[in-house]
Amino acid sequence: MRLTGAQIVWEMLHREGVEVVFGIPGGAIMHTYHPLSEYGIHHVLVRHEQGAAHAADGYARASGRVGVAIATSGPGATNLVTGIATAMMDSSPIVCITGQVASSLIGTDAFQETDITGITLPITKHNYLVTDVGDLASVIHEAFYLASHGRPGPVLIDLPKDVQQAETEFVPPESEVRLPGHAYIKAVDQTEAIARAAKLIDSSQRPVILAGHGVSMSKAESALREFAEMIDCPVTVTLLGKGGFPASHPLYLGMMGMHGDAQANNAIQEADLLIALGMRFDDRVTGDLSRYAPHARKVHIDMDAAELNKLIPVDVAVRADIKQALSTLIPLVTRRERPQWRTEFRDWLEDSRKVDVVHRPSNGRLTVPHLIDAMSTATGGKAIVVTDVGQHQMWAAQYYRFDHPNAFITSGGLGTMGFGLPAAIGAQMACPNAEVWAIVGDGGIQMTVQELATVVQEELPIKIALCDNGYLGMVRQWQEMFYDKNYESTHLANPDFVKLAEAYGIRAWRAKDLDGARSAIDEARKHSGPALIDFQVVGEGEGGNVYPMVPSGAALHEMIRRPHQTKVGER
């Protein structure tokens, strides 16, 4: 059959199993939108292209499938860039399709022309400028393969107007993708390295497992649990690794790093062996590299060879899929118990509870840790939680108890404010029967607040927990602690968020204390449609800062654990 380029786009998306796309039409992509209704794919009209990219990202993370965003040329394409970079940093599989000026006009500074393939070259796994409609079907098939295979990530397809309008005989591409120079790891072929790792594990007395995003991407949660229990080894997770190991498990140490749990950071610094699985030793995880885990041998398993020995020299590096590697490693290690090590890290855990704000009375003031704890209790820890970036993000990671994978969706590597609301839209579209909470700050939500209209138009029952402290909170915290409380350019003159939500047709509440917060959470959960709660939380000082905190240049054990701590690292 003969199809236009526009029809080939939708025909191929249908063949790739796409059910939902996120986008905004415009002049250079209008022709592609014309046949959309013939293909049964649901299009979500976002209010800003950045929202389309974040929604596609949230959809991908919640579903495990490739998310799709569509935009026009020029400003439409460049508005996708932040979302593409976010997906690249967090290894999220999305495909972005952008319109482009006609092929004959490329390079002439035509109206709404931008070299989007040049702009996105550093932040995509691959990108394409399609100049021949005969190539389009195979390009789309390759794009989906690249986005989802190996280490996932974003792929962009730039589509000139004349290619969208051109007609060709449609020939479905072969199912198997053959790309010169592209190697996908299909099996563990590093048995010698894994055998050496097993010997290090058997000889260690104080091992720690560092579980990253790669555990859930590999669907290795059950294998990780079996492995940890077999060697009686505590597990700490990265920000994106939340949910890869159940928070309720007795071997769970919590999150590591700059705002990680004290017991996790202490365990890393005292360990004699680190077993890193699907994580990349990001600077927010390690603190001062020269003093990171000084007593530990190190085993690193990751499918991306570029991450091995990149920042931390390791004793054993294994390039492999995490699930496959663990299935090979588990039969090689000796089942054993480590009672002394278990006692030591449990003592650290108990010590952390004593200084934890959530275990102290709220005294009539509403802190984010208390309200996150209340949300976790109310939902039974079973909601999909999508956050923006800032203090509330760290508190959500610390105090919401995640026992299931792909339930915590956040911007980790890029730290993108404005991510939370549109990503929650994508997550809710991916999981229509799930309870989805967007936890956002009063700074971040105003970067993509227009997507409230998308929530209403799509009739999505998203619950929005707005942590309203009147500041750009994380920056203000640093200003308080390290810049003599010089709150330069961080105070926010906010709108009335309840009235704003109601203007969009969203049910809204305001809560100023913990009892009010619990009541509002219950009311929002009972409401069948979208809901927003404006939590008026503590803005500074006691209860207004995220602890623990590892200052810049400090080692993990030198974390500041509570307000008024007189010395770095003091307990």
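Entry one, a strand pairing. I looked up V385 in this predicted model and found its bridge partner in β16 to be F408.

Entry two, the whole sheet. Going across, I read the order as β16-β15-β17-β18-β20-β19, six strands in an open sheet with parallel pairing. β16 (408-409) and β19 (507-511) are the edges; each has a single partner strand, so one side of each has no neighbour in the sheet.

I checked what α16 (residues 368-379) touches: β17 (436-441), β18 (463-468) and β20 (531-536). Its direction makes about 175 degrees with that of β17.

What is the nearest side chain of opposite charge to D468? I get R510, at 6.2 Å. A salt bridge needs the nitrogen and the carboxyl oxygen within 4 Å, and D468, though buried, has none.

Which side chains make polar contacts with that of D468? I noted N494 at 3.3 Å and Q536 at 3.1 Å. I then listed the contacts of D468, leaving aside neighbours within four places in sequence: D442, N494, F497, D534, F535, Q536 and V537. So noted for D468: buried, no salt bridge, but polar contacts to the side chains of N494 and Q536.

Terms used:
Residues are numbered from 1 along each chain as its sequence is written. This is a predicted model: local features need pLDDT of at least 70, side-chain atom pairs count only at pLDDT 80 or more; totals for chains, interfaces and linings use all residues. Side-chain values use heavy atoms; hydrogens and water are left out. Two strands pair if DSSP finds at least two bridges between them. Helices (H or I, at least four residues) and strands (E, at least two) are DSSP runs, numbered from the N terminus. Contact means heavy atoms within 4.5 Å. Axes are lines fitted to C-alpha atoms, for helices over the stretch in contact, and angles run from 0 to 180 degrees between N-to-C directions. Buried means under 20% relative accessible area, exposed over 50%, partly exposed in between (1.4 Å probe, protein chains only). Lys and Arg count as positive and Asp and Glu as negative; His and the chain ends are not counted. A polar contact is a pair of N or O atoms within 3.5 Å; within protein, one must be able to donate a hydrogen and the other to accept it, and residues adjacent in sequence count only if both atoms are side-chain atoms.
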